[in-house]
Amino acid sequence: PLQPGPLRASDVQVRYRLVYGDGSTPFCNYGNNCDVSNNNPSASGGNVGFSTTGVNPSPHLPLPANSRQNAVAIEVRLRNASGGGLPAACGGASFNANCRWFYTGGGAPSPSVAPTDVQILASPVQRAFRGNSLTSSSVQWLRLNADRSPCGSPPLGDTPYPEAASQPTSGNSCFYVEMGLKGGIAKDANEQPTLFNDGIGSSQMGSLDCDPNINQGQVLIIGVIQGCGPFYAKNPFDWTPLCPQQNSIFATPNPGAPWDDGRWPPLRCIKTRPTGSMNQLERGLDGRLFGNQNQNSCPATGPGFVMGRNYWDKDTNNGYTGTPPLGYQELPGQNTRLDPNDPRIVTIFLAPTEAFAASGQDTYPITGFIEVYITGYGRVNGNTNSVTQIDDPCPGSTPPTDLDLSGGSASGYAVWGHILNYALPNAGATGSGVLCNPGGSTQPCVPVLVE
């Protein structure tokens, strides 16, 4: 409530300070870029909502990867206000440092005295947590929801209860913990995309050395353009150790015991390729999508399929309405048609959570495969919340909202898209003996002829 007196919402300034539990420099210190905007500046009295808006100068709270605790305190300043025991400085036409209050989860410590970072971390008005690919595993987000109605089934839907973080001390409140997992088969073209190279540290970005016939200086470039030469399959997880050392993984016909039991090849482990530079990945994607690893200009739309263009949904395929040839797919409710020759359709290896967590090169068992459609990629330029700072050659596809736009989580280069439920036409595949069920698994099916 805006009290006392007939204050307008525009006479109340709300700013915040965001403190990181890892000890790094806080994002905001109640400065000009930390404003929390009101929803009705001309409102007088009553209740007025204040919230971040997602654009400067009031960005949503940035939660950097591996920042752990993220705690918020609020500063409130008044102007054109008098009476009710307010300081005289509150009556001026401008916001004044002598008319302000700082709020933590414990209330207002005292007027004009800012709480310390320790106090904010101990008792914030809002708390969030962000780990990394290793500490968070498949968990993308956690949310504490609440309901003051009689306890029963948890509230449904994607929208949290608006007062979940501010429950009254009287009466009964029911709390529910909700969890969001990374990835999942796309059910709609407008779903949130998934970041595919969410690595840890400066060099473990999920890159592989998958083909011994590719020169070391071009592993990512040629590997992304043409794929991996050797055959790969899921690890049976009954070998000890599960994988050979990196210097013998490509040995033929097998790297020796215990992998000489007739199940190797195909290769059932991956060899990591640590690198802090994403230049090779960029050149590989440019070469794969546009046919030229030194040029990534988006081609013009055409009457039919044009290599390199983004055909994920009706907003990015620029009116392509040609008759779909055999193999095209369409997501429910969307004008989505995927050409089987579209180079944006890519197979990705799945590996255990601890893969890409250590330094140096290593091998890990393959847990499976997924088929994905790359809807965007590019280099992240600067610490900003603006997606225009990503140099996507075919702009229009929104990156994941939780992407660390400072470049920290993807070594300055991000690749994102959606997971498909896909039957992959591949003449070079071998049968597994398991019936293909394209609708029942994230694993891509490869149809083969059988007698």
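**Exercise 1: A helix and a sheet**

In this predicted model, helix 4 (residues 279–290) lies across strand 12, strand 14 and strand 15, and runs at about 100° to strand 14. Work out in which order the strands of the open sheet are arranged, and which are the edge strands.

*Solution.* Start with the order: the four strands of this open sheet follow 10-15-14-12, and their pairing is antiparallel. Next, look for strands that pair on one side only: these are strand 10 (194–195) and strand 12 (345–350), the edge strands. Finally, look inside the sheet, where eight bridges join strand 14 (residues 368–379) to strand 15 (residues 413–420). Within this pair, R379 stands opposite Y413.

**Exercise 2: A salt bridge across the sequence**

Find which parts of the chain the salt bridge between D11 and R79 ties together.

*Solution.* First check the pair: the side chains of D11 and R79 meet at 3.2 Å, N to O, and a salt bridge needs these atoms within 4 Å. Now locate both residues. D11 lies in the segment before strand 1 (12–20) and R79 in the loop between strand 5 (68–78) and strand 6 (100–103), so the bridge ties together parts that are 68 residues apart in sequence. Lastly, widen the view: R8 joins D11 and R79 in a network of salt bridges.

**Exercise 3: Buried or partly exposed?**

Classify D11 and R79 by relative accessibility.

*Solution.* Buried means under 20%. D11 has 3%, so D11 is buried. R79 has 21%, so R79 counts as partly exposed.

Conventions:
Residues are numbered from 1 along each chain as its sequence is written. This is a predicted model: local features need pLDDT of at least 70, side-chain atom pairs count only at pLDDT 80 or more; totals for chains, interfaces and linings use all residues. Side-chain values use heavy atoms; hydrogens and water are left out. Two strands pair if DSSP finds at least two bridges between them. Helices (H or I, at least four residues) and strands (E, at least two) are DSSP runs, numbered from the N terminus. Contact means heavy atoms within 4.5 Å. Axes are lines fitted to C-alpha atoms, for helices over the stretch in contact, and angles run from 0 to 180 degrees between N-to-C directions. Buried means under 20% relative accessible area, exposed over 50%, partly exposed in between (1.4 Å probe, protein chains only).
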